[in-house]
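Please keep the sequence and the 3D view open while going through the points below.

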Amino acid sequence: MDRKGIRLAALDLDGTLLHEDKTISAYTLSVIQRLMKEGLFIVPATGRNLSGLKDNILKVPDIPYAVCSNGAQVFRLCDRKVLYEAAIPMDEALDVIRYLGGYPTCLYVHMDQGTWRSAGWRDPNLKKRFPFIRQKEQNIVNLEEFLLKTRYQVIKIGAFVLDDGAFVKLTEKGSPVPSVTQFRTGEGILELNAFTASKA
């Protein structure tokens, strides 16, 4: 392959670079390292937040940057400095959470202070419908009250929709807030970001 003029490769993680068990093959690692030695910048571009990268791609030395939370944050990895951030304004984030809360959903929110999940994550149907879900994040009884109290910046809102009919309705309606974009990232999964965020 002729790479003339190509200086950077942004690599999606889940469903692309990573196997289902969230590992990277030795072959893929060797290709990434070879390309980096040839002068190509490798940048992970993912819907995950920065802490979601620690067990896989961060093991590759000399990766300088990461695009996280669907492009809502760009980090310099050597010191974890945020170089770009596109947060969802608090009022708009609350509108989205209230809207999604009217459907059978389990919500999570990437914030500048970590990832938090609504109490719905204890629903037994969640693990049946989405067996791949990690259970590391903290559960909050009332996500709306938590946001109002802490005023943490909202980077991304995710929804695991527990009902096929509700998922179809939410997908057809799109984002309830014009400045917030909604993506279908898997069967029954929606993610919402500020309009200015992009991992493309």
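Predicted model: local features only at pLDDT ≥ 70, side-chain atom pairs only at ≥ 80, totals over all residues.

1. The largest nonpolar core has 32 residues, and Leu143 is listed together with Leu100 and Ile157 as having the most contacts inside it. Two or more residues of this core come from each of α2, β6, α4, β9, α5 (164-173) and β11, with α2 giving the largest share, six residues.

2. Helix α4 spans residues 143-150, and within it Leu143, Phe146 and Leu147 are buried. Viewed down the helix axis, the buried residues of α4 fall within an arc of 95 degrees, so they line one face of the helix. These buried residues pack against α2 (90-101), β6 (105-111), β7 (114-118), β8 (138-140) and β9 (154-161), whereas the face turned away from the buried side carries the exposed residues Glu145 and Lys149.

3. The two ends of α4 also deserve a look. Asparagine 142 caps the N-terminal end, where one of its side-chain oxygens lies 3.0 Å from the backbone nitrogen of glutamate 144, and arginine 151, just after the helix, takes a positive phi of about 60 degrees.

4. Strands β10 (residues 180-186) and β11 (residues 189-194) run antiparallel and are joined by six bridges, with phenylalanine 183 having glutamate 191 in β11 as its bridge partner. The two strands form a hairpin with two residues between them, and glycine 188 in the turn has a positive phi of about 85 degrees.

Technical notes: Residues numbered from 1 in each chain as written. Heavy atoms only, no water. Buried < 20%, exposed > 50% of the residue type's maximum accessible area, 1.4 Å probe, protein only. Helix = DSSP H or I, 4+ residues; strand = E, 2+ residues; numbered from the N terminus. Arc of directions from axis to C-beta. Contact = heavy atoms within 4.5 Å. Polar contact = N/O pair within 3.5 Å; in protein donor to acceptor, adjacent residues only side chain to side chain. Pairing = 2+ DSSP bridges. Core = buried A, V, L, I, M, F, W, Y, C linked by side-chain atoms within 4.5 Å.
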